[in-house]
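Here is a short briefing on one protein model. Look over the sequence and the fold, then read the points below.

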Amino acid sequence: MFICVFLASHQKIDQKYLALAEEVGAELARRGHTLVSGGATVSCMGAVARAARAGGGRTIGVIPRAMVDVEIADHDSDELVVTADMRERKGVMDARSDAFLVLPGGIGTLEELFEIWTARTLGLHDKPLVLLDPWGLYRPLRTLVEGMHEAGFTRPNVFDAISWTTTVEEAFELLEKRTRHLEPSLEELGEATAG
């Protein structure tokens with residue numbers, strides 16, 4: 001499988017997040033998967049790619065031209081794709097991936113998560129989406145989305161489109177599991193066109 005990992009590129013974070021990225025990279029390689037990531041050598045992005053390669057895994061880095069020097073492009077990647085901008089980067093990562101794993105990160109990671117999550121709820125893809133959150137960083141996000149759901153602002157299948165876990169082993173089990181197709185119901189489509 002080609003597994004896209006969304007995670008931090010910021011360097012002023014606790015070392016436990018780097019250790020988690022390394023564990024994910026090592027497990028990805030152990031299971032024979034290919035890593036698709038942000039193409040940088042810094043922080044968790046660099047840690048996951050280095051660990052995957054150290055374990056014999058293949059890595060594909062995707063980085064926008066403007067970030068090549070800022071994030072320090074990972075020229076050790078088996079394949080380094082330089083895109084015109086962030087939007088193209090996400091499109092390439094999406095197209096090259098069979099599944100998505102989200103680790104703790106900042107607003108860039110959240111943007112990537114929401115784009116893939118939204119597309120999954122709309123039935124635009126059937127790729128597994130797993131959020132690995134050992135220390136509860138995303139707990140407020142889950143509470144927020146639960147509140148949005150209760151208020152009627154999200155599709156009923158919003159939580160069918162994502163799996164949440166706290167362990168690396170379960171994350172990979174969920175990534176490797178076949179997912180069911182989700183699509184808006186006829187009732188939802190009727191509501192959307194009635195306005």
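Helices and strands here are DSSP runs, numbered from the N terminus; a helix has at least four residues and a strand at least two. The model is predicted.

**Surface patch**
- Phe-153 sits in the loop that runs between helix H5 (139–150) and strand S7 (163–165).
- Phe-153 counts as exposed because its relative accessibility is 69%, and the cut-off for exposed is over 50%.
- Together with Leu-144 and Met-148, Phe-153 makes a nonpolar surface patch of about 340 Å².

**Helix H3**
- H3 spans residues 86–95, and its buried residues are Arg-89, Lys-90, Val-92 and Met-93.
- Viewed down the axis of H3, these buried residues fall within an arc of 165°, so they line one face of the helix.
- An α-helix has 3.6 residues a turn, so residues three or four places apart point the same way.
- Arg-87 and Ala-95 are exposed on the other side of H3.
- The N-terminal end of H3 is capped by Asp-85, with a side-chain oxygen 3.2 Å from the backbone nitrogen of Arg-87.

**Strand S5 and its partners**
- S5 (residues 99–102) is covered on both faces. Ala-99 and Leu-101 are buried on one side, Phe-100 and Val-102 on the other.
- S5 pairs with strand S1 (residues 2–6) in the parallel sense, over four bridges. Leu-101 in S5 is the bridge partner of Val-5.
- S5 also pairs with strand S6 (residues 129–132), again in the parallel sense, over three bridges. Here Phe-100 stands opposite Leu-129 of S6.

Notes:
Residues are numbered from 1 along each chain as its sequence is written. This is a predicted model: local features need pLDDT of at least 70, side-chain atom pairs count only at pLDDT 80 or more; totals for chains, interfaces and linings use all residues. Side-chain values use heavy atoms; hydrogens and water are left out. Patches are made of residues with over 30% relative accessible area and no salt bridge: like charges are joined within 9 Å, nonpolar side chains (Val, Leu, Ile, Met, Phe, Trp, Tyr) within 5 Å. Accessible areas come from the Shrake-Rupley method with a 1.4 Å probe; for residues, only the protein chains shown count as cover. A salt bridge is a side-chain nitrogen of Lys or Arg within 4 Å of a carboxyl oxygen of Asp or Glu. Buried means under 20% relative accessible area, exposed over 50%, partly exposed in between (1.4 Å probe, protein chains only). The arc is that of the directions from the helix axis to the C-beta atoms. A polar contact is a pair of N or O atoms within 3.5 Å; within protein, one must be able to donate a hydrogen and the other to accept it, and residues adjacent in sequence count only if both atoms are side-chain atoms. Two strands pair if DSSP finds at least two bridges between them.
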